[in-house]
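Work through the exercises below with the sequence and the 3D structure open, and try each task before reading its solution.

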Amino acid sequence: MKFDILSLDQVLQNDGEFVPLLSQDEEDRMMNETFPAVLPLLPVRNVVLFPGVVVPVTAGRNKSIKLLRDAQKTDKIIAVITQKEIHTDEPQIHDLHKVGTIAKILKLLKMPDGSSMAIIQGIRKFSLDAIVEEEPYLKAEITLLEDKKKIVGKNKEHFEALLENLRETAIRTIQENPAIPSEASFALKNIEGSSLLINFVASNLDLPLIEKQELLEINNLVNRASKTLKYLNLELQKITLKNSIQDKVNTDLNKQQREYFLHQQIKTIQEELGGVSYEAEAEGMRKKASRKKWSKTVKEHFEKELNRLIRMNPQTPDYGVQRNYLELLLDLPWNSYSKDNFDIIHAEKVLNKDHFGLEEVKERILEYLAVLKLKGDMKSPIICLYGPPGVGKTSLGKSIASALGRKYIRMSLGGLHDESEIRGHRKTYIGAMPGRIIQSIKKAGTSNPVMVLDEIDKISTSGHGDPSSALLEVLDPEQNSTFHDNFLDMDYDLSKVLFIATANNLSTIQPALLDRMEIIDISGYTLEEKIEIASKYLLPKQILEHGLSKKDVSLDKKELEFIIQAYTRESGVRNLERKIAKIIRNTALLITRNVEYTKKLSRARIEKILGPPAMPDESETNKVPGVVTGLAWTQVGGDILFIESILSKGKGTLTMTGNLGNVMKESATIALEYIKANHEQFGIEQKKLEESNIHIHVPEGATPKDGPSAGIAMLTSLVSSFTGKKVKSKWAMTGEITLRGKVLPVGGIKEKILAAKRAGITDVILCEENKKDMEKINPEYVKALKIHYVTQMSEVIELAI
């Protein structure tokens, strides 16, 4: 912007009629003035006059000088219009723009060179219709123009915000540009009229005349304000960029000299205060390195990097990165291992003290410890504990570390999506850091800790790489002895680290990564196991955490069984622990209130504390044909589900509802086609198959369901509906079916069997090949269940109906 702020007090002196800042009322009054249809026309070369704005105009042409002097003697009103070409001396109508501004002469001055200077103020816009006289100067016929100013509602709020933005941006431009005097900022702040504000800023923009003329010709005030603001923002950006470049040039010129002097001053100050200089810091690192138990390769690399640090300027950003790198090399426990406790009896005692059950995991750890004791050296196994939430996978890692006498590290991988979190960043980047594996080793202080990789199934990929692929090297016993971290830029031996991964769902783990781990399935706890865990672990833990003692509260196994069955529905014990904690908190409240209570909790008091019991689903007494109890596996354990089917008159159409997945729908289709092919075997008439529509529904429609294990249940339900025979009560089944009539094995047997027991099932139908899965379950836990093994679908129908 180039504000032409004159010393108007000197120009106008005391007799001037200059009104630089109009109020809104004055602006409206000025716009309502009437003017003759014919006015003297003053063509100008280098200026576009806007209404309300005061500008100086120099007149050098004889016609222009005479026009100004004659007007000064009369009403001082003239019409001002801008020429299209500044070099035209005798402009005609085609040489002039179509829109100009009526102006009032505030002051006329005679200059030493014979020309005249007029201080004029724009009043109102006009359109040029015709030139009626050319001598002694131009006179023109004009039509008054009026800006569109009536703005209401939301448009008014938008217009007011636009004006405020325009004012603030103009003030910022003045502040950024040292060439603009401070009076301009004062003028802007005191302008009241909306039209004058827009015109004042537009008039002083550093724009070509043609673009200023375009602004003048815009009749809509909102549009003129928007376009003016656009030009103003561009100008502000140019000024800011120019200032930034100028500052940068000045800074670069002095930067090296300033850094040199500052470095010398810092060195002198440190020496005076007795502090550690950079040279002393490097020497301290060298002494610390002499006590490290590292290999020749690492030692040579450290010396090379330390010498590089000494040669670097301490004021550069790279110096800090290099120092951090050397400190990491010194802090890492190279070839430093904690001593294992080879006492097998002690290890078994620790594992049994912290966790009930989980025999397979405990046995694997004891086997590893036994071989380590005999051989003295062994690559650590890489174990993946797989099971539903709350069964103790993560806490088991801590117990294993305690049993072995090793340091414990837990690294949560849930939501990890950046490969650099595993491998680290290259140290060439500012703010580079090692990966979380190396950071954890540094934190542990030994090279053989127990490291729990929690929620390994919840790693995700992004544009920053695939962390699960980076873990392939970490979890491969043949490769992790030379693990390469990008920041460390050296091989580090992870073969002595005992990695224990935890997962809830194996299907989301990359197959190559899954192949590198030893999978140990930790399925849900039985009712008996939960009672033992609650009485031996959870109850004493909560009593201790809430500041009570065993004599303050007592929970028998019958009450614990009631809590488990009535208030929890899970494979683990996490929710059970919350319920016990709530009971203990209630007891603590009674004690602090000095209220008498019975220390032994009854069922009635438990219901009062925990609310009405929500008993788990029980198998239904089948009163109608077509209803079958199936068994399902979920991420939180096993559950029962009901398969319902019904017939209606139609053309044999099959309809399925209940939020079923594609695999489950295919099972229903296979079951129906098998029945159609073997209808005589089941005593079903061909006509009934052709004239009946079949509808299969699985309740709890909001819950997605999928998988092949409901195949035999769907087959049984359909046969029951077609024959009109009811399915036996308290029977449940699970198994996949084929078109050849075979029953195939399915997974999650332990969870499903436990769910059946919770629901009061007495008989369960399984595939013959699932017998091996039943052998893994403690017979004591399933002695009330009768298991029927089948190989053919016909056997299922004979047993269930």
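Two strands (DSSP E runs of at least two residues, numbered, like the helices, from the N terminus) pair if DSSP finds at least two bridges between them. The model is predicted, so local features need pLDDT of at least 70 and side-chain atom pairs count only at pLDDT 80 or more, whereas totals for chains, interfaces and linings use all residues. Residues are numbered from 1 along each chain as its sequence is written, and side-chain values use heavy atoms, with hydrogens and water left out.

**Exercise 1.** Find which residue of β9 stands opposite R410.

*Solution.* Begin with β8 and β9 (residues 450-454), which run parallel and are joined by five bridges. Within this pairing, R410 faces V452 of β9.

**Exercise 2.** Give the strand order of the open sheet, and explain why one side of β8 and of β13 is left without a neighbour.

*Solution.* The five strands pair in parallel, in the order β8-β9-β12-β7-β13. Because β8 (408-412) and β13 (518-521) are at the edges and each has a single partner strand, one side of each lacks a neighbour in the sheet.

Conventions
Helices (H or I, at least four residues) and strands (E, at least two) are DSSP runs, numbered from the N terminus.
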